[in-house]
Amino acid sequence: MLQHIQESTVAEARRATDDTAWDMSLAELKAFIALYVRGAYCGKNFDIGSFWSEEWGNTFFISTMSKNRFREIMRFLLFDRKETRRCRLTTDKFALMAEVWQRFTQNCTACYRPGPAITVDEQLFPTKARCRFTQYMPNKPDKFGIKFWLAADVNTKYMLNGFPFLGKDDSRPATQCLGESVVLKLVEPFIGKGRNVTTDNFFTSIPLANKLLHKNTSMVGTINKNKRGLPPSVQGRGELFSTKVLKSDKITLTVYQCKLRRNVTILSTQHQHVAISTDNKRKPETVTYYNRTKPGGPLRYFTTCWILLLSMPVCFTGAENSIPRRDFMLQLAQELRAEWMASKVALRVDVPLDGAD
């Protein structure tokens with residue numbers, strides 16, 4: 001992945017500047033990436049140039065590379081080869097990032113074995129970049145961005161698989177709804193092992209539940225009461241904190257009156273019998289399970305290495321893996337730039353001083 005980015009960036013810089021001598025090594029690229037550490041200093045909304053300020057600057061940035069060199073690399077940074085882009089865009093709207101993203105998700109899938117519960121959701125990467133698939137979602141904190149479909153491990157929020165929403169997908173069968181298609185594609189590497197998939201009402205449907213069951217995978221999710229195939233009895237209201245349980249074959253529907261004027265319907269193929277709690281709210285087991293396996297926070301895409309470290313047994317690492325996320329980011333940044341810093345020291349040593357033999 002890094003070599004592909006390096007080659008694409010160097011090619012773009014030489015094309016744009018007409019300077020065939022322009023170069024950037026893999027070590028320098030990793031040092032450039034290490035400067036993402038500004039997030040650990042809460043510098044997301046700071047002017048990037050302030051990190052090189054003589055008075056207030058950060059020594060990590062100043063010693064890694066100059067501000068001008070950082071901006072130069074940022075100017076030419078590419079994730080694809082520009083000379084073949086036009087041809088690739090005819091068949092892939094995500095061509096500018098597709099090769100790197102595919103390798104990244106392949107690594108995410110190969111490097112981690114998820115637990116018994118997986119969750120599927122959407123997330124908006126905020127951006128106002130001009131492209132054909134930028135979305136406007138008024139219900140999100142950042143209104144504009146690129147929407148990604150994601151599958152994550154429930155326990156760690158480790159991103160297992162994902163792909164962007166690029167508009168109409170001509171490869172999707174006409175009889176298959178979008179939510180069903182997304183879930184089947186995301187969880188395909190993990191089915192057949194007795195896991196459960198938790199979804200919200202955009203994805204949940206009876207046909208999807210049956211297809212997953214045939215692949216030894218259960219599903220729990222909220223479902224709209226007007227979805228095709230649901231009995232009329234799911235409509236209407238009951239007493240506060242009352243529960244209605246309906247069953248058909250291996251599918252269980254739970255209708256829970258969580259508020260006076262609002263109830264929630266849960267479809268489950270994992271629960272063949274639904275226990276009711278004995279507290280004041282008398283929550284059914286399916287609702288409790290859904291709340292526990294459908295985290296509402298953002299998924300952790302780019303801290304996958306940290307999650308892998310925390311998941312390793314002590315026998316592999318020799319110590320308890322309890323490093324805080326911020327400390328891990330600082331340590332990773334040091335390791336990313338280590339080769340580049342060593343080469344700079346070696347270069348200074350090799351340059352003879354004036355008057356020396």
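Leu2 is partly exposed, because its relative accessible area is 33%, and partly exposed means between 20% (buried is under this) and 50% (exposed is over this), with a 1.4 Å probe and protein chains only. Leu2 sits in helix H1 (residues 2-17); helices are DSSP runs (H or I) of at least four residues, numbered from the N terminus.

This is a predicted model, in which local features need pLDDT of at least 70 and side-chain atom pairs count only at pLDDT 80 or more, while totals for chains, interfaces and linings use all residues. Residues are numbered from 1 along each chain as its sequence is written, and side-chain values use heavy atoms, without hydrogens and water.

The structure holds 14 salt bridges. A salt bridge is a side-chain nitrogen of Lys or Arg within 4 Å of a carboxyl oxygen of Asp or Glu. The table gives three of them.

| Pair | N to O distance |
|---|---|
| Glu12 and Lys82 | 3.5 Å |
| Arg69 and Glu28 | 2.6 Å |
| Glu339 and Lys30 | 3.5 Å |

Glu339 in helix H12 (residues 325-350) and Lys30 in helix H2 are 309 residues apart. Glu339 is partly exposed at 47% relative accessibility, and Lys30 is partly exposed at 24%. Shared partners join Glu12, Arg15 and Lys82 into one network of salt bridges. In the pair Arg69 and Glu28, Arg69 is buried at 17% relative accessibility, and Glu28 is buried at 6%.

Thr293 lies in helix H9 (residues 285-293) and is buried at 4% relative accessibility.

Technical notes. Helices (H or I, at least four residues) and strands (E, at least two) are DSSP runs, numbered from the N terminus.
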